[in-house]
Structures are given as C-alpha cells and as structure tokens.
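These are notes for a colleague who is opening this structure for the first time. Please read them with the sequence and the model side by side.

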Amino acid sequence: MLTSRVQRQLKDIEQKNLIRSPLLLKDYDGRFVVYDGKRVLHFANNDYLGLSISDDVKASAIAAIDRHGVGSGASVQVSGFHAPHHDLEKAFADHLGRDRALVFNSGYHANLGIFSSLVGRNDVVISDRDSHASILDGIQLARANHYRFKHLDVGDANLLLKDFSGDWIPRSSRGMTKLGELPRATEISSRVSEVSSRGLTAGSNSSNKFLVTESIFSMSGEISPVKELAKISKQNDATFILDDAHGFGIIDSNYNQNDVHAIVIPLGKAVGSYGAIVAGSNELINAIYQFARTHRYTTGLPPHVCAASLKSLDIITKETWRREKLLSLVSRFKQGVKQVGLKLVADTVSPIQGILLDSPGRVVDVQRKLLEKGFLVSCIRPPTVAKNASRLRISLRCLLEDEDIDRLVSALGETILS
Ligand SMILES: Cc1ncc(COP(=O)(O)O)c(C=O)c1O
C-alpha cells in the first residue's frame with residue numbers, strides 16, 4: 001500500500017504534467033523505429049555512431065554468448081571475470097593511455113563507485129551546477145561537502161577551489177547535497193568565515209579537494225572547458241574526475257592526460273553497448289576496485305556485452321566516417337533550425353541539441369504531435385532539468401540522412417511556431 005506522502009507526490013507530478021510513461025518501441029534499424037505500429041525517425045537515443053546495430057558488433061556479441069553464455073554468473077570480484085571483461089579493460093587502458101581501466105555495470109554504478117570509494121566525509125567536492133544525477137548521487141553517497149560552480153564557469157570553479165585552500169571546512173554543510181540549498185561560489189567566502197567565527201569547524205588536515213565535470217552536458221549538449229578545469233584543478237591540488245559519457249568517440253576534449261585523474265566512459269552512448277569504463281593510474285583504480293561497493297556487490301556485466309563494446313572501440317578508431325558524417329548532420333540541423341526561426345538551448349557542435357519550450361505540458365504536447373508526424377524526440381522535464389527549463393532533446397546520429405534532418409526541421413517549425 002502506498003503511503004499518503006507518495007500518493008501526494010504522485011498527484012503533484014500529475015498536476016504538473018511530470019508523469020512519465022514508457023514508449024514501447026520495436027524494430028530499430030539505426031534510422032527508424034516502430035512506435036504504435038508506425039515507422040518513425042529516431043531522434044531520441046544516444047547511439048550516436050550507430051554501433052548498437054553494427055553487424056560486426058552483433059557478431060562479436062553472439063560469438064561471446066556461444067563461448068561464455070548470456071550471464072556472468074556472479075560478481076566479478078567474487079567469482080572471477082571473463083576474457084571479454086579483461087580484454088575490454090586492457091583495450092580501453094591502452095586507448096586512453098592510462099595504467100589501468102575497470103569495467104563497471106553502468107555509468108551510474110561507476111559514478112557511485114568512484115565518489116564513495118575515493119571521497120571521504122571531510123573532503124570537498126566541487127562540481128558543475130548542471131552535473132548528471134549519477135554524479136550528484138555519488139557525492140551524496142560519499143557524504144562529502146559538496147559545492148557547485150556556475151555552469152561552465154572556470155572562474156567560479158577556481159574561486160571555490162581557492163576558498164577551500166585554507167584550514168576551514170564548514171562542518172554544517174556536511175552531506176549537504178539538497179540541490180536548492182547549495183551555495184554558489186561567491187557565497188562561500190562569507191559562509192566559511194561565518195562558520196569559522198562560530199567555532200564550528202574542523203581543521204582540514206584530513207580534507208581533500210575533488211573537481212568533477214562532464215565533457216558534454218547530456219541535456220543541453222554544451223561542451224565543458226575541460227582543459228581549463230583540469231588546469232585549475234592541478235594548480236589547486238585537487239583530484240579531477242571527468243565524465244566523458246557524451247564526448248567519447250565524438251568530440252575530443254583535448255586535455256592534458258596527466259591532469260585528469262579518473263575518466264568515466266559510460267558505454268551505452270557512442271559505444272552503442274552497455275556498462276562503463278573508469279580509467280586512471282594503477283593506484284587510483286586499485287583503490288576503486290578495493291572499495292567501490294557498486295563494483296563488488298553486483299553481478300558482473302554479461303561477457304558478450306563487453307565483447308560488443310570491444311568491437312565498437314575498434315570500429316570507432318577505424319571508421320572515422322561515422323563521426324564525420326554525424327558532425328555534418330549536426331551542422332545541417334543547426335543551420336536548418338536557424339532558418340526556420342527556432343532557437344536552440346545552446347550553440348554547440350555536439351549531437352545533443354535542445355529546444356526550450358515554455359512548460360512541461362507543452363513539451364509533452366509537442367512530442368506527441370511530432371510522433372504523429374513520424375518523428376521521435378525526447379521530452380525533458382524537471383527534475384532532470386530545472387523548473388522553467390523543459391525542453392525537447394534531439395539526438396543526432398550518423399545513420400540518419402540529410403533528408404531526415406530537413407524533414408525534422410520543417411516538422412519542428414510547423415509544430416512549435418504555428
Ligand atoms: C553524463 C552521464 N553520466 C553518467 C550516465 C549514466 O550512464 P549509464 O546510462 O551507463 O548508467 C549518463 C547517462 O545517463 C550520463 O549522461
């Protein structure tokens with residue numbers, strides 16, 4: 001039976017047009033998918049390079065099923081991992097130029113595992129204001145002091161890092177990850193001195209700083225200033241963690257490898273498979289392996305999923321046409337949208353493009369109308385994005401054609417502007 005609190009919450013989200021229900025999809029071919037008996041162009045998944053339906057990737061997965069079965073059977077830390085796990089870790093470590101890589105069951109598991117194993121209660125984590133839920137949940141699990149810098153703002157991040165260079169940590173903020181309560185960098189100085197004057201603070205001998213960001217923001221497509229963040233992180237003696245979920249295989253963040261201590265690559269996006277890689281130094285990966293409960297207390301990823309990812313990695317390095325075609329579709333889309341007079345959430349060359357609409361109800365309505373016209377786009381509402389930031393999320397993929405982009409652009413214009 002549901003408690004009255006949950007019943008109230010359900011009623012509340014229903015009234016605000018925030019109820020979610022799954023769309024039943026069938027027969028994805030890289031371009032179209034079938035919804036409600038009708039083929040619609042698919043602009044809603046993160047299979048940017050079309051690898052989830054590559055014949056070579058499928059063949060690798062099938063061959064691995066024949067050798068290893070469909071499940072891994074147990075936690076890889078308890079019962080041993082299979083050759084595809086090992087080969088995938090080795091291939092990613094080599095590809096990224098890191099000592100070691102570790103396979104997690106998903107990006108969500110990876111982010112929870114990294115923060116909860118590396119970050120302590122007295123430590124400070126500084127993250128971009130728009131960080132993904134899995135990063136926020138990881139920080140919360142670590143019960144660390146958490147502060148967010150203004151979105152994409154290196155100066156604000158630097159200010160926060162410097163604020164925490166002193167001897168004082170505001171004890172009262174421990175575990176403070178309730179989004180609405182997080183102070184901005186500019187509020188920190190006064191906060192620190194206020195807290196210290198009340199004598200509530202602990203010495204920071206045991207506190208360490210961590211800086212975290214995403215390379216490409218999943219709901220806006222904005223590109224992070226990774227290189228600059230890595231630089232200030234180094235200057236301030238912080239550990240820098242990069243979530244490259246939407247950048248890997250698409251856009252090179254061009255940072256100095258030595259300045260990024262841990263890189264997270266969820267494999268369900270451009271790699272077209274599932275699971276995640278965390279890569280870094282031997283020392284750091286060993287610590288994660290020893291302490292991350294989300295790695296230990298869960299059944300390992302099925303070996304064939306790792307075999308699929310391994311094949312995808314090989315294709316990503318060889319078939320550069322996929323990325324080139326994708327980027328040309330992105331520029332065609334942006335040009336088209338400008339011509340019809342629609343405004344995008346951000347001016348970005350990434351495959352994630354957003355169009356802000358005035359309310360959650362309007363986003364639901366526009367998504368439905370687009371489906372009727374033969375296009376599937378994502379409908380993004382709070383709490384995934386802030387209040388008043390509901391949007392359509394359009395995901396471009398290399399198996400789409402120029403004409404698909406042109407058709408979507410005119411349907412968007414007709415539906416939103418009329
Ligand atoms: C930035 C970012 N990090 C982590 C994740 C989680 O990855 P996964 O879907 O593999 O759990 C996602 C995907 O939703 C993401 O967009």
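1. Two strands are taken to pair if DSSP finds at least two bridges between them, and the strands themselves are DSSP runs numbered from the N terminus. Please keep in mind throughout that this is a predicted model.

2. With that in place, strand β14 (residues 375-380) can be read together with its partners. Strand β3 (residues 38-43) and β14 run parallel and are joined by three bridges, and within this pairing H42 has L376 of β14 as its bridge partner. Strand β15 (residues 391-395) runs antiparallel to β14, again with three bridges, and here I380 is bridged to R391 of β15.

3. How is the protein divided into domains? The domain assignment gives domain 1 as 17-46 + 320-417 and domain 2 as 57-317. The contact between them draws 15 residues from domain 1 and 13 residues from domain 2.

4. The surroundings of the ligand deserve a separate look. Of the 13 residues around the ligand, those that come nearest are S106, G107, Y108, S218 and P266. Helix α5 (residues 107-118) gives the most to this shell, contributing three residues. By class, the shell consists of four nonpolar, seven polar and two charged residues.

5. In helix α9 (residues 226-235), the buried residues are V226, L229, A230, I232 and S233. What do these buried residues of α9 pack against? Their packing partners are α7 (154-163), β9 (209-214) and β10 (239-243). After α9 comes D237, which has a positive phi, near 60 degrees.

6. A last point concerns S281, which sits in the loop between β12 (276-280) and α10 (282-291). Is S281 buried, exposed or partly exposed, and why? S281 has 14 other C-beta atoms within 10 Å, and because a residue counts as buried at 20 or more and as exposed at 12 or fewer, S281 is partly exposed. Although S281 and G97 are 184 residues apart along the chain, their C-alpha atoms are separated by 9.9 Å.

Methods:
Residues are numbered from 1 along each chain as its sequence is written. This is a predicted model: local features need pLDDT of at least 70, side-chain atom pairs count only at pLDDT 80 or more; totals for chains, interfaces and linings use all residues. Helices (H or I, at least four residues) and strands (E, at least two) are DSSP runs, numbered from the N terminus. Two residues are in contact if their C-beta atoms, placed from the backbone, lie within 7 Å. A residue is near a molecule or strand if its C-beta atom, placed from the backbone, lies within 6 Å of it. Ala, Val, Leu, Ile, Met, Phe, Trp, Tyr, Cys and Pro count as nonpolar, Asp, Glu, Lys and Arg as charged, and the others, Gly among them, as polar. Domain bounds come from an automatic or database domain assignment.
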